[in-house]
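Here's a quick briefing on how this fold is put together. Have a look at the sequence and the model, then read on.

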Amino acid sequence: MSKKIVVITGSPRKSGNSFAMTEAFIQAAEAKGHQVTRFDAAMKNVGGCRACETCFKTGKACSFDDDFNTLAPAILEADAVVFTMPVYWYSIPAQIKGVIDKLFSLVVGGKDIAGKACALITCCEEDDLSVMDGVRIPLERSAALLKWHMAGEVLIPGVLNVGDIEKTDGCRQAAALADKI
Ligand SMILES: Cc1cc2nc3c(=O)[nH]c(=O)nc-3n(C[C@H](O)[C@H](O)[C@H](O)COP(=O)(O)O)c2cc1C
């Protein structure tokens, strides 16, 4: 069955490792007939959550209008939300953290968002898988709180420079993730 998938990226490197995996995922998902909406957070303007709790009261998800408000309707409609990002300082890059923080608006706004699938594609320089805990654990816990189920994770260590992902099976794993959505 064709699904609506929102893919949210967090790297500023258009030819980078997480983008290569993102593209492999999207290609595989579209080949399966899924409808993909992509949001490259690093190329958009999304601020942090101001915790004003006026979400959706002005007709938009966030009262502090930015590009999150163009993404929110797609998330509301989506069957699956896929986050892709590198590890920055053992954590989630600032570029995508604003988007994740603004998911709060869907909760405060009382939106019916339970039951979506969620997935993660991430990578880092160091060879230790636990380096990705700072991305993986917050995402898993946030998904649980939102009542989204984790459909799959692609965690690729040992990639630093543009092109390094080609020395791993990261793109193959990202393409295979499409089978789990
Ligand atoms: C600001 C910054 C912080 C980073 N912090 C880490 C880190 O804490 N641990 C790590 O293993 N790699 C770290 N890296 C390396 C990236 O995770 C790695 O280069 C990754 O492949 C980049 O993915 P991209 O090509 O999709 O941007 C950092 C890179 C940058 C630019």
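Alanine 119 has glycine 152 as its bridge partner in β5. The chain gets from β4 to β5 through helix α5 (residues 133-146), and this β-α-β crossover is right-handed, meaning that with the strands pointing away from the viewer the path from the first strand over the helix to the second runs clockwise. Keep in mind that this is a predicted model: local features need pLDDT of at least 70, side-chain atom pairs count only at pLDDT 80 or more, and totals for chains, interfaces and linings use all residues. Residues are numbered from 1 along each chain as its sequence is written. Helices (H or I, at least four residues) and strands (E, at least two) are DSSP runs, numbered from the N terminus.

**The sheet**
- The 5 strands make an open sheet, ordered β2-β1-β3-β4-β5, with parallel pairing (strands pair if DSSP finds at least two bridges between them).
- β2 and β5 sit at the edges with a single partner strand each, so one side of each has no neighbour in the sheet.
- β4 (residues 117-123) and β5 (residues 149-156) pair over 7 bridges.
- β1 and β3 are joined by 5 bridges, and valine 7 has valine 82 as its bridge partner in β3.

**Helix α1**
- α1 (residues 17-31) has 15 residues.
- Its buried residues include Phe19, Met21, Phe25 and Ile26 (buried means 20 or more other C-beta atoms within 10 Å of the residue's own, with C-beta atoms placed from the backbone).
- Just after α1, glycine 33 takes a positive phi of about 95°.

Key:
Expected span 1.5 Å × (residues − 1). Buried ≥ 20, exposed ≤ 12 C-beta atoms within 10 Å, placed from the backbone.
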